[in-house]
Amino acid sequence: MNWLKRMFARRRIYGELSEEIREHLEEKVEELVANGMPRKEAAAAARREFGNVTLAEEDGREVWRWPRVENMIEDVRYGLRVLRKSPGFTAIAVLTLGLGIGANTAIFSVVNAVLFRPLPFRDPGRLVVVWHTPPQKSFPGVTKFVVSPANYLDWRGQNHVFEQMSAVGFRRFNLTGVGQPESVEGRAVSADFFSVLGVQPVLGRGFLEEEDQPERGNALVISYDFWQTHFGGSKDVLGSQIKLDDKSYEVVGVAPVKFDFPYQAKLWVPLAWTEKEQAVRGNHGYIVIARLKPEIEMKKAQSEMDTISARLAQQYPADDAGWGAVVLGLNLQMFQQVGPALLVLFGAVGFVLLIACANVANLTLAKALGRRKEIAVRRALGASRARVISLVLTETILISVIGGALALLLAHFVIEAIADFIGPQLPLAVQIGLDGWVLSFTLTISILTGFIAGLAPSWHLTKTNLNESLKQGLGKTDADSSGGRARSVFVAAEVAVSLVLLIGAGLMIRTLYLLRNANSGMDARNVLTVTLGISSEKYATVAQQNGFFNHVLQQIRALPGVEFASAVDSLPLQGGSIQPVAVEGQPVVPMADQPEVPVRLIAPGYLRVMRIPLKQGRDITEADNANARPVILVSESFARRFWPNENPIGKHVKLTFLPGEASEVVGVVGDVRLNGLSITEPVQSVYHVMAQNPETTFMRLAVRTGVPPASLTSAVTEAIHRVDADEPVVGVQTMEAVVDESIAQNRLNMILLSAFAGLALVLASIGIYGVQAYVVRQRTREVGIRVAMGAQAAEVFRLIIAQGLRLATTGIVIGLAASFSLTRLMASQLYGLSATDPWTFIGVSIVLLMVALAACFIPARRATRIDPVVALRYE
Amino acid sequence: MKNREQRDLFPGALEMMVLRTLKRQPLHGYALAQHIKRTSNDLLQIEEGSLYPALQRLLKEELVKAEWGVSSTNRRVRIYKLTAKGAKHLEHEVSRFETMLEGITRVLARGES
């Protein structure tokens, strides 16, 4: 190849060129000397005539090059050499950018996995979730609701817009027959569930239409993980029998790796609704997913569902009046779960990176000012401005690319932690990790970061006056002060940005503190909770079921260290059943128009265990059994809503879903935050009695202890197994852990935001320190003169500190202004305080000011030690 | 120091003059520079140094070739020769230049009368 030969020939060509030019000059000198000119003069004249020797040689060489590429390679080599020569600067700059880019990489990898990566289903863009929209009168503020079987079947039968539509119900099964008895997350799905998603089992098959029948519904698909843990991945698994809730199921398929849709499912069984179950219209409990027909737009689907809903409301006014439907893309669902929090974090890491950029720009500028002479020489020798700028840019880009490599390493560790937290909140397992997209993102922002960090320094360097720069060493020049100004601007900006982040973190920390100490209406300390579900095959009658739970509670109450034990169907903070009720004194209306309130099922002593105050009337007792007249407790806000000026005791409430007569209110209890700590609206709830419920197979036991609750775990488990050794005991948790779990997302956000804000604070203080140290060096002479003229150390100290504080204050003022508008964006994630909480704003500003003061301290001290004699001789 | 832009009359002019000079006889760099200066009666301000990048360009385009030899003053010099391709290129360039010059001259003459 021609160019290849040329490359190798180049060394010779360059040599010849230099030799030729040398000969040229010599010949000229000889000629001039021959004409009688003194040799020294002749040499100068020859050079004058020739012009810029180096430039001629450079230009001559350049002819043989691909100038851009090769200049770049040369710059890179030069840059690496410069970086190697100042390892301290390089290490700090690389670390700074590494942290900044690493934080961005970590958050981006989550954003990428959750929001950008297509769902692992066939043609996922056509998959939708169809929700009910409940009547606002009964469910104020609720926009999405699960679907009832009868409505789902009508939707499925009457629509013309969906290819397929599948219902998914949440089930928890007691698993026996393989290893230890345990409780597993299962889903009951319509037969076409797997084909709607376009997911092919790795082994066996999905469900057949005939398996979705009440007598035949004993087929089972297991998750890949379940297959590995319970069957060792054996191919013989197909045809195996497994007992779920004492009913036998046959394994017909194994789902693909990582498939756990929706929400960490481990196994799937057919819905197999009986005719009675199919007819249920007023009780909602299923998620409906569907696949749009090709060519059908989301809008068309929505309007079709509106039509069907209107028709159903007319046809079944008692159940369906006011119930609409909303069609939402499945990928949008993913976004809504975690999107807002992710975006706040993404903004935060963006700020951290900006600060890192400013810091590196500052460092480079400081270093570059020391190189002004070199740059000036380069310029004098004919290097163009663009060439010098590219030289400096190459250096900062090199730093940031090396930083990017470090960032990937850092991100690798952070990602795992984030993935563990965020996984359970998503409807679908996502692979959070460093894939091609993340790598290109990191590379791109690395280069961009280096470019931005190098822009200001290179600009400053090349705009300086050549003559002034060459005279450097004779004292200060204008260029110094203008470089100093740029640095001050950077530092003020850094302080401002860190303040925004710190305020954000401060708000989150206060939120968490307020949440943790919120009055939830109960006392979570010293309470142990146990999840206990029993098989309705083994305990078929309500008497047997209640017998079991009562027996278990008796055993536990007898344990040493236990003060009392009771049971509830859903623990506070975790949500639970919401049911329509008919309230005495209210107009009689069909079910669809009835108010919907949280309904909890409790055993006697529940109030005592949870320390829920009894405000009026009496607690339920053992005497309120199946033979007694049905009674309930209501919460204060329930009583206030329905009987504002009357005595609620003795009033009646009919739980519409339950058979039999209306229950009499015997007591009024305090409101409890049943749906989460951050939901402050009073919960108008009803408690009815386990002994009077027609079927009870699943309860959460709550045990108040006089000793640390976790220490009773095994004693409680043994007590349960003394009653029935086959029942799995799961979810043994202290109530405090339940509280913590309910605010896990807030905590994760708080931890991440605090970490990023902390990082920002460190970077900003490095920035302040750097500028002040530089200022002290710049003003050495001045300080020396001052000291010589009799200035005291304290005055010098104040001088330097004051300058630093001026920077910090400017930054803080700007940061406060920015925070006022930016923190509003995170208002939805705050609790108990406003997004412009004055205490946080003031407190954080003071902290930042203190840190700035500390950062100025060392340079200021150094200034006081300046010896005037040395200082005046300085440089 | 002069700017590169001011050094040439127009891009390619120097190359054209080099080729024309070499057409008469092969020369080494210094002689080439002196010849161009002398022939132009020093009307053209050419930095001698700028000759070398021009020569490298011509070498790369293979319009000239170079050989080391010994000059009349007994120096080791690099002597440039016009190649066949160079001769053709020169012809082409000269005729283009003459056309251009004629055009310019006409416009200038017309403007005067």
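Cys856(A) is buried, at a relative accessible area of 0%, and Cys357(A) is buried too, at 6% (buried is under 20% relative accessible area, exposed over 50%, partly exposed in between, using a 1.4 Å probe and protein chains only). There are zero disulfides over all chains, a disulfide being a pair of cysteine sulfur atoms within 2.5 Å.

Bear in mind that this is a predicted model, where local features need pLDDT of at least 70, side-chain atom pairs count only at pLDDT 80 or more, and totals for chains, interfaces and linings use all residues. Residues are numbered from 1 along each chain as its sequence is written, chains are lettered from A and ligands numbered from 1 in the order in which they are written, and side-chain values use heavy atoms, leaving out hydrogens and water.

**Chain A overall**

- Chain A has 27 helices and 21 strands (DSSP runs numbered from the N terminus: helices are H or I with at least four residues, strands E with at least two).
- Of its 875 residues, 52% are buried.
- Take the contacts in chain A between residues at least 6 apart in sequence: 81% of them join residues at least 24 apart (contact means heavy atoms within 4.5 Å).

**Gln579(A)**

- Gln579(A) sits in strand β13 (residues 578-583) of chain A, and is buried at 12% relative accessible area.
- Its side chain makes a polar contact with the side chain of Ser577(A) at 2.9 Å (a pair of N or O atoms within 3.5 Å; within protein, one must be able to donate a hydrogen and the other to accept it, and residues adjacent in sequence count only if both atoms are side-chain atoms).
- Leaving aside residues up to four places away in sequence, Gln579(A) touches Pro595(A), Glu596(A), Val597(A), Val599(A), Leu655(A) and Phe657(A).

**His160(A)**

- You'll find His160(A) in the loop between α6 (149-158) and β2 (162-176) of chain A, and at 57% relative accessibility it counts as exposed.
- Not counting residues up to four places away in sequence, His160(A) touches Lys293(A) and Glu304(A).

**Helix packing in chain B**

- The axes of α2 (residues 13-24) and α4 (residues 51-60) of chain B come within 10 Å and cross at roughly 75°.
- That makes α2(B) roughly perpendicular to α4(B) (the class for 65 to 115 degrees).
- From α2(B), Leu14(B), Glu15(B), Val18(B) and Leu19(B) meet Leu51(B), Ala54(B), Leu55(B), Arg57(B) and Leu58(B) of α4(B).
- The residues of this contact divide into seven nonpolar, no polar and two charged.

Technical notes. Axes are lines fitted to C-alpha atoms, for helices over the stretch in contact, and angles run from 0 to 180 degrees between N-to-C directions. Angles under 35 degrees count as roughly parallel, over 145 as roughly antiparallel, 65 to 115 as roughly perpendicular and the rest as oblique. Ala, Val, Leu, Ile, Met, Phe, Trp, Tyr, Cys and Pro count as nonpolar, Asp, Glu, Lys and Arg as charged, and the others, Gly among them, as polar.
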